Amino acid sequence: MSRDHLPDEEHKMRIALHVNGNPVEAEVPTTMRLLEFLRDRLHLTGVKEVCAEGECGACSIMFNGRVVNSCLVLAVEADGGEVVTVEGIDHPVQRTMRETHAVQCGYCFPGMVVTAADLINKTNNLDRATIRAELAGNVCRCTGYAKILDAVEKAASEKGN
Ligand code: FES
Ligand code: FES
C-alpha cells in the first residue's frame, strides 16, 4: 500500500516543539514523518531523503540531543521535543569539509555534518578508526570517504582532541 493511501491519513494531531531553537506549532497527519514535516512544512531542505528506511543517514538530525534518522520518526513523536537540523548547526567541521574538498554532489553533506559535529562535540581523543566507525551510518556515494575523514580529523584536532 502506498503512503498516499494509508488508512489513518486523515487523522491529525496538534504538535508543539522547538526546531533550531524556535518554537513551532502545527497540526499534522499522524502518518507524517518528521522528515516530511521538516522539509515540506518548515522548508528545512537541508534534511535529505534518500533511502527512507534508516540506512543512509542523509536525513540525520539532532532530536533531544541525539542523532536520529528523521525518516524513521513520526512528526507526532517529536511533540514536546527539541530538533536541530543542519540549518541550526554552526560548527568548525563545516569549514574543514570545505577546506579538504570533502563534498562532491553534497547530498550526504547535511547528515554527515550533523553526525560529525555531534561526534566531535561529545568525544575526546578521536582517532581515524573511531571516526570511520561512528560515521558508518552516513553513506556517501561520491567521495570515497577519505577527505570526509580528513575533515573530521582536522576539526577534532582543532578542538584539542
Ligand atoms: S533517508 Fe533516512 S536514513 Fe536514508
Ligand atoms: S558527496 Fe555525493 S553523496 Fe556524498
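A: What follows looks at one pair of helices, then at the chain around it.

This is a predicted model, in which local features need pLDDT of at least 70, side-chain atom pairs count only at pLDDT 80 or more, and totals for chains, interfaces and linings use all residues. Residues are numbered from 1 along each chain as its sequence is written, while chains are lettered from A and ligands numbered from 1 in the order in which they are written.

The pair is helix α3 (residues 109-122) and helix α5 (residues 146-159). Helices (H or I, at least four residues) and strands (E, at least two) are DSSP runs, numbered from the N terminus. The axes of α3 and α5 lie 10 Å apart, at an angle of about 35°. Axes are lines fitted to C-alpha atoms, for helices over the stretch in contact, and angles run from 0 to 180 degrees between N-to-C directions. The crossing of α3 with α5 is right-handed (the near helix is turned clockwise from the far one by less than a right angle).

From α3, the contact uses M112, A116 and I120. From α5, I148, V152, A155, A156 and K159 take part. Contact means C-beta atoms, placed from the backbone, within 7 Å. By class, seven of these residues are nonpolar, none is polar and one is charged. Ala, Val, Leu, Ile, Met, Phe, Trp, Tyr, Cys and Pro count as nonpolar, Asp, Glu, Lys and Arg as charged, and the others, Gly among them, as polar.

Now the wider chain. The chain has five helices and five strands. Their pattern along the sequence is β-β-α-β-β-β-α-α-α-α. The C-alpha atoms fill a box of roughly 50 × 30 × 20 Å along the principal axes.

Terms used. Two residues are in contact if their C-beta atoms, placed from the backbone, lie within 7 Å.
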